[in-house]
Amino acid sequence: MRRLDITLSASTLRTGLVIVGLTLVLGLGLIGVVSSPVVDGHPVLLTRERLAIKRYLDAAADWSVRLGDVAHQFDGLFMAPMIAGPPPLTPTQPVSISAASVPTITLPTAVPLPPQTPLAFPANPASQPVGLYDRAHAAEQAVHDLQTIETEQQRIEIPAALSGLHTLAQTALQATARWAAALLDDIGAPSPANQAAVESERQTALAALTAFRDALARPGTGDTEP
């Protein structure tokens, strides 16, 4: 078996080492840019504490959007109580009128009628399920979304500086869950009491969600400068 001897000059060896070193530096820099968080369109290098803050704020913004979607679904599933019609007529004693007391000569032979006007009927919203099964199924899907958010809130790292924001996020979630429970009760057994409970829980949930969103949008909440 022949042995091949390869001889490299010192300049070639130095050039090769420089190329390998530059390639390694560029590769590490590219990995850093891809894996680094982006703030205001630029990758930044954050400390562990600030990275946890950014991750939490991103998750909180996602919760805000998803809770709003659930609230929109609940509004579409709630069947507002029907407007009560006019009270029934109370029976009265019939009044007898003799033929002699009616002056037939003053009655017109023909009564002109106004032109026919078509009645406008409101269109049913296409996004609202009609059947009881569809409403119950859609409500169960929304409740599943709430359970997913609850799991995420329990597993995420909560920065000490954002403990108040996390309390508002939990309050909004719990209020929406109570709204869901009241809505499910009304879907299963509609009644004026259940409808009133749904409306009450809706107002509470929307107020909690608004407070959470206001705190999230407050200037300085998303400050993650290195």
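Predicted model: local features only at pLDDT ≥ 70, side-chain atom pairs only at ≥ 80, totals over all residues.
Tutor: A pocket is an open set of points on a 1 Å grid over the protein atoms alone where a 1.4 Å probe fits, with protein on both sides within 12 Å along at least five of seven lines; its lining residues have an atom within 4 Å of a point. Its volume is the space filled by probe spheres set on the points, which are joined across faces, edges and corners. Residues are numbered from 1 along each chain as its sequence is written, and side-chain values use heavy atoms, without hydrogens or water.

Student: How much space lies in the largest pocket?

Tutor: Look around Val-143, Leu-146 and Ala-177, which are among its lining residues. The space there comes to about 190 Å³.

Student: Which helix gives the largest share of that lining?

Tutor: Helices here are DSSP runs of H or I, at least four residues long, numbered from the N terminus. Helix 3 (132-155) and helix 4 each supply at least two lining residues. The largest share is six residues, and they come from helix 3.

Student: How are the rings of Tyr-56 and Trp-63 arranged?

Tutor: Rings of Phe, Tyr and Trp (its six-membered ring) pair if their centres lie within 6.5 Å; planes under 30 degrees apart are stacked, over 60 edge-to-face, the rest tilted. Tyr-56 and Trp-63 sit 5.7 Å apart, centre to centre, with 85° between the planes. That makes this aromatic pair edge-to-face.

Student: How far apart in sequence are the parts tied together by Phe-74 and Trp-179?

Tutor: These two rings have centres 5.2 Å apart and planes at 75°, so they're edge-to-face. Phe-74 lies in helix 2 (residues 48-77) and Trp-179 in helix 4 (residues 163-188). Both residues are buried. The parts they tie together are 105 residues apart.

Student: What is the distance between the C-alpha atoms of Leu-51 and Pro-159?

Tutor: Leu-51 is in helix 2, and it's partly exposed because its relative accessibility is 23%. Along the chain, Pro-159 is 108 residues away from Leu-51. Their C-alpha atoms are separated by 9.7 Å.

Notes: Buried < 20%, exposed > 50% of the residue type's maximum accessible area, 1.4 Å probe, protein only.
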